[in-house]
Amino acid sequence: MALYLVTGGCGFIGSHLCAALAARGDAVRVLDDLSTGSRDNLLPGAELLQGDVADAALVRSAMQGVAGCFHLAAVASVERGVQDWLGTHRANLTGTIAVLDAARAGRVPVVYASSAAVYGEQHILPIAEDAPKRPLSAYGADKLGCEQHALVAGHVHGIATLGLRFFNVFGPRQDPRSPYSGVISIFCDRLARGEPVTVFGDGGQTRDFVHVADVVAALLAGLDAASTAAPVLNVCTGRATSVLDLAHAIAAACGRQADIRHAPARAGEIRHSLGDPTGARALLDLEPKVGLRQGLEEVVGWL
Ligand code: NAD
Ligand code: UD1
């Protein structure tokens, strides 16, 4: 049994990770400011340090005695980064540097959440890790900054890291009422209650939806793959789904017809986002296990 620090452990992905660590017999310490996460998501029996991941002293004390750190705390919203550029930068990049800095003393390996947002719009699909990085948001720019500081952490300070570029993650516990929630939780919530859904633009835009259980599997396997070379991997399925097809699939999972309204496309919207999973397959020996349909039924059942 080992003790792990999970920053953002009261959030959507972090709470699933904590449950998986506990299920394999490990102990968990959570650092979370509960800004978007919830105390209800805290793993029963886990220690909670409530505070800001950019608070260097707090992060240093949270890092004491841990065998590894999973760093997920961030303002996980592109839109929030538009509204509060400097504030989200503090959480997303300064927070990551605080984690890496605190990992120095005990040479603690760090697996951290990056994002497909580092790629921006790409013309060659699926997107492999070495594609040019063209973030189109403060959120994506800060996630790319995290990756660059992870390189420094390895090169200068000898800290082992692994960055995981999550594509569109979905699953139970993604809060459908949050204005920053993902399309799947919003559509499931509305269609399950017989309400219409709004498709932005023509609905032909596509995404690579990856289930949270597969994200957790990548995080757990990732600790052994962390190194001072600071590798970075896509966490995705390699399968594209259009927003319109998604609405129909969710309606089918709810046993209803989809009532679809269209609204103008979101400004700056990426048209197609599809990841190449072969890097993760090779390094982590992982295949995505939860298909979209199975995952959708699970979300609808959870609501
Ligand atoms: P989430 O909002 O549910 O979880 C983030 C957690 O971090 C929350 O519990 C929140 O309270 C906490 N937090 C936020 N700012 C903090 C701060 N300054 N100090 C301490 N805690 C703070 O989001 P999520 O979807 O679980 O995202 C987890 C990670 O995965 C984030 O780093 C996010 O950027 C990344 N990511 C998520 C997706 C996705 O599709 N959900 C895609 C790409 C990357
Ligand atoms: C997602 C992530 C973001 C990440 C980015 C990486 C979420 C919530 N956001 O953004 O953190 O940086 O991938 O590329 O996971 N849509 C509708 N109607 C709705 C809601 C959404 O049509 O009510 C459409 C959007 O226009 C978009 C698609 O659904 O085309 C997905 O939207 P969303 O779930 O918000 O995620 P992304 O914008 O892809």
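Mentor: In this predicted model, the centres of domain 1 and domain 2, taken over C-alpha atoms, are separated by 25 Å.

Trainee: Which residues make up domain 1 and domain 2?

Mentor: Domain 1 covers 3-168 + 209-235, and domain 2 covers 172-208 + 239-275 + 289-302. Their contact takes 21 residues from domain 1 and 23 residues from domain 2.

Trainee: What is the area buried between domain 1 and domain 2?

Mentor: About 2,000 Å². Buried area is what two parts lose on being put together, summed over both, so the value counts the loss of domain 1 and the loss of domain 2. Carbon and sulfur atoms give 61% of that area. On the side of domain 1, Phe12, Phe209 and His211 lose the most, together 36% of what that side buries.

Trainee: Now strand E5. What makes you call E5 largely enclosed by the rest of the structure?

Mentor: A residue is called buried when its relative accessible area is under 20%. In E5, residues 110-115, six of the six residues are buried, so the strand is largely enclosed by the rest of the structure.

Trainee: Which residues of E5 point one way, and which the other way?

Mentor: Val110, Tyr112 and Ser114 point one way, while Val111, Ala113 and Ser115 point the other way. In a regular strand the side chains alternate between the two faces of the sheet.

Trainee: How do you know that E5 is paired with strand E4 and with strand E6?

Mentor: Pairing needs at least two bridges. Three bridges join E4 (residues 68-71) to E5, and six join E5 to E6 (residues 161-166), so both count as pairs. Each pair runs parallel. As examples, Phe70 stands opposite Val111, and the bridge partner of Val110 in E6 is Thr161.

Trainee: Through which helix does the chain cross from E5 to E6?

Mentor: Through helix H5, residues 138-157. This β-α-β crossover is called right-handed because, with the strands pointing away from the viewer, the path from the first strand over the helix to the second runs clockwise.

Trainee: Which residues of helix H6 are buried?

Mentor: In H6, residues 183-192, they are Ile184, Ser185, Phe187, Cys188, Asp189 and Leu191. Their cover includes strands E7, E8 and E10 and helices H8 and H10. H6 is followed by Gly194, whose phi is positive, near 75 degrees.

Notes
Residues numbered from 1 in each chain as written. Chains lettered and ligands numbered in written order. Predicted model: local features only at pLDDT ≥ 70, side-chain atom pairs only at ≥ 80, totals over all residues. Heavy atoms only, no water. Buried < 20%, exposed > 50% of the residue type's maximum accessible area, 1.4 Å probe, protein only. Helix = DSSP H or I, 4+ residues; strand = E, 2+ residues; numbered from the N terminus. Domains from an automatic or database assignment. Contact = heavy atoms within 4.5 Å. Buried area = accessible area lost by both parts, 1.4 Å probe.
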